[in-house]
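Good morning, colleagues. Please bring up the sequence and the model, and I shall then go through a few local features.

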Amino acid sequence: MTRPDGVLSELAAWQAAVRDQFPILSGAPGSYLDSAATAQKPRAVLDAVQEYLTTGNANAGRGSYPWAGRTTALVDRCRRRIKGFLDDPEPDRSVVHVVGGTTAALRTLALDWLVDHLTDGDEIVVPFADHEANVSPWREARDVLARRGVRIEVVAMPYEPSGDYDLAALAALVSPRTRFVAVTHVHHVFGVDMNIHRLRDVIGPEPVVCLDAAQSLGHLPVSVRRLDVDFLAFSGHKAMALPGVGVLWARNTRGRRYAPRGWEGSPNTTGLVSLEAALDWFEETGVERIALWTRALGARLTAALDTLDAYRVLGCQDSLAAGSTVQRRQGIVTFRHRGIPAADLGFVLSEHGFMVRANSHCQAGATPGDASVRVSLHVYNTVEEIDRLVGLLAALNAECG
Ligand SMILES: Cc1ncc(COP(=O)(O)O)c(C=O)c1O
């Protein structure tokens, strides 16, 4: 494996050319380090939206004139494009339900599908230390079922102290009644790949698995075939498309067949235009390379913070050092300082032009006391930005450590 600093110099010229494709960054008042909240958009996405809205905007599935026909074809093509991007092994069987985002996707699944899939005494596994969007829908489903007189057991996903799923402990909790397991691909606070490729070995072939891919799509290759998951949700806006479009993908090989319920209304055509352009852009740019870059930048930041002992980086510690052979951190670095409250740290960083998030990041069960500073990277972030950030964090540490 090339060491992260080697990756940064090998890919430097490529990265500079990629960064140039983000118009917002050329006039930016500082460093955008909040891509886990929402990602910036490359020119290709902005151009595709502009082109669509100025040359052929219409509704889909309604009219028969050329603009309407083109839009209907676009929606169908985009659904196929999403399946291809996810490495869907059976695109003729699966379903892509276009929704507003990850939150909407998971809630739709919980209330339109899960409640009909489960029977009295069934068990579901819920990751209670993940994003709230991947926790509250499953509780809601349990409550709906309870009102129908169906009692299900909600089993808490066990975690290791590092924030990883404790797959050994999970193995002991799985029973023949375990019907559904909700997981996250990359944790939005700890930043690590949650080892989903090992999940099936632990839970066996039967349970339905739902993957929250909000923080992995566009950051690393996401293959539903390799991960062997049954449902997948992601948000367009975190994947360089426009806000307001998201996907619930259903494999439809385990459990009840999923199909969108009821009258769906007009699709978010502009959102789909942007999503198709974003997926094309990821493929042309190379998701593997994007992952190498952001992982290496994250390793540079974590390695620097590791030398300043008043800072503590959350999540898997094996991923910290730049020389570590375990680089599971995917460009999200979340930390606290021993003496400076996260909100204050966030304020000072903002004053210096660093756009980071400083709170508890919508993590389920987190209280304001759990606040931390999250630096979340994408391919457009540079070594120079990280080094300037490290310089400021070191200076603050010298003042307040
Ligand atoms: C892991 C994860 N899941 C779900 C969500 C919710 O995404 P959205 O607000 O786009 O619905 C987020 C947003 O930050 C997230 O990080």
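Setting aside neighbours within four places in sequence, Val96 is in contact with Arg79, Ile82, Lys83, Val247 and Trp249; contact here requires C-beta atoms, placed from the backbone, within 7 Å. This is a predicted model, in which local features need pLDDT of at least 70 and side-chain atom pairs count only at pLDDT 80 or more, while totals for chains, interfaces and linings use all residues. Residues are numbered from 1 along each chain as its sequence is written.

Val96 lies in strand 2, residues 95–99; strands are DSSP runs of E, at least two residues, and helices runs of H or I, at least four, numbered from the N terminus. Is Val96 buried or exposed? Val96 is buried, because 21 other C-beta atoms lie within 10 Å, and the cut-off for buried is 20 or more, against 12 or fewer for exposed and partly exposed in between.

I turn to a helix pair. The axes of helix 6 (residues 102–117) and helix 7 (residues 136–147) come within 9 Å and cross at roughly 30°; axes are lines fitted to C-alpha atoms over the stretch in contact, with angles from 0 to 180 degrees between N-to-C directions. Helix 6 is therefore roughly parallel to helix 7, a term for angles under 35 degrees. The residues making this contact include Leu106, Arg107 and Ala110 of helix 6, and Pro137, Trp138 and Glu140 of helix 7.

Methods. Parallel < 35°, antiparallel > 145°, perpendicular 65-115°, else oblique. Contact = placed C-beta atoms within 7 Å.
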